[in-house]
Amino acid sequence: NSSHHFRVSANGHFKLSKIVNGKFVDITGWKKSSKINKANKSNRLSIEKRGNILYCYINGASVYKSAFEPFGGNRVGLRIDKDQAVEFDNVIVTVER
């Protein structure tokens with residue numbers, strides 16, 4: 001029961017975390033970013049793995065990178081918390097070959 005999460009908040013923060021054996025483990029903790037559009041404005045999030053580095057982007061700007069930690073599974077999920085509206089457009093998932 002493991003997963004990774006790239007989250008943004010409406011007040012301009014992001015966080016990278018994972019669930020390991022049912023428990024949340026912070027990878028970054030909440031970090032403030034001027035790249036996040038606040039107050040009900042849309043944001044474009046993307047994650048890219050190149051080689052052994054994981055890159056996180058908000059609205060096209062790189063906001064975090066770290067060594068990639070391998071994980072298993074063959075599913076991708078999208079999630080929102082609390083009172084937020086969300087719209088997904090052009091969700092693209094590819095497998096590195």
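Student: Does I58 count as buried or exposed?
Tutor: Keep in mind that this is a predicted model. I58 counts as buried because its relative accessibility is 0%. The residue sits in strand 6.

Student: What does I58 touch, leaving out residues up to four places away in sequence?
Tutor: The contacts are F6, V8, F14, K35, I36, N43, R44, L45 and V63. Take R44 as one case. R44 and I58 are 14 residues apart along the chain, and their C-alpha atoms are separated by 5.7 Å.

Student: Which residues make up the largest nonpolar core?
Tutor: Start with the general idea. In soluble globular proteins, nonpolar side chains tend to be buried together. Now the case here. The largest nonpolar core has 9 residues: F6, F14, L16, I36, L54, C56, I58, V63 and Y64. Strand 2 (13-20), strand 6 (53-58) and strand 7 (61-67) each give two or more residues to this core. Strand 6 supplies the largest share, 3 residues.

Student: What is V63 in contact with, beyond its neighbours within four places in sequence?
Tutor: V63 is in contact with F6, F14, C56 and I58, and also with S33, K35 and Y57.

Student: Next, charged pairs. How many salt bridges does the count come to?
Tutor: The count comes to 2 salt bridges. In one of them, D26 pairs with K15, and the closest N and O atoms are 3.0 Å apart. This pair links distant parts of the chain, with D26 in strand 3 and K15 in strand 2, 11 residues apart.

Student: Are D26 and K15 buried, partly exposed or exposed?
Tutor: Take each partner in turn. D26 is partly exposed, with a relative accessible area of 45%. K15 is buried, at 11%.

Student: Which side chains meet in a salt bridge at 3.5 Å, N to O?
Tutor: Those of R50 and E48. R50 is partly exposed, with a relative accessible area of 41%. E48 is also partly exposed, at 32%.

Student: Let us turn to loops. Where is T28 found?
Tutor: T28 is in the loop between strand 3 (23-26) and strand 4 (31-32). T28 counts as buried because its relative accessibility is 16%. The cut-off for buried is under 20%.

Student: What does the side chain of T28 reach at 2.9 Å?
Tutor: The backbone nitrogen of L16. Leaving out residues up to four places away in sequence, T28 touches F14, K15, L16 and Y64. K15 is the salt-bridge partner of D26.

Student: Where is the place of S9?
Tutor: S9 is in the loop between strand 1 (3-8) and strand 2. S9 is buried, with a relative accessible area of 18%. Its side chain makes a polar contact with the side chain of N11, at 2.4 Å. Not counting residues up to four places away in sequence, S9 touches W30 and I36.

Student: Last, backbone angles. What is the phi of N21?
Tutor: N21 has a positive phi of about 50 degrees, although N21 is not a glycine. N21 is in the loop between strand 2 and strand 3. N21 is exposed, with a relative accessible area of 66%.

Student: What is the phi of N59, and where is its place?
Tutor: N59 has a positive phi of about 55 degrees, and N59 is not a glycine. Its place is in the loop between strand 6 and strand 7. N59 counts as partly exposed, at 32% relative accessibility.

How values were computed. Residues numbered from 1 in each chain as written. Predicted model: local features only at pLDDT ≥ 70, side-chain atom pairs only at ≥ 80, totals over all residues. Heavy atoms only, no water. Helix = DSSP H or I, 4+ residues; strand = E, 2+ residues; numbered from the N terminus. Buried < 20%, exposed > 50% of the residue type's maximum accessible area, 1.4 Å probe, protein only. Polar contact = N/O pair within 3.5 Å; in protein donor to acceptor, adjacent residues only side chain to side chain. Contact = heavy atoms within 4.5 Å. Core = buried A, V, L, I, M, F, W, Y, C linked by side-chain atoms within 4.5 Å. Salt bridge = Lys/Arg side-chain N within 4 Å of Asp/Glu carboxyl O.
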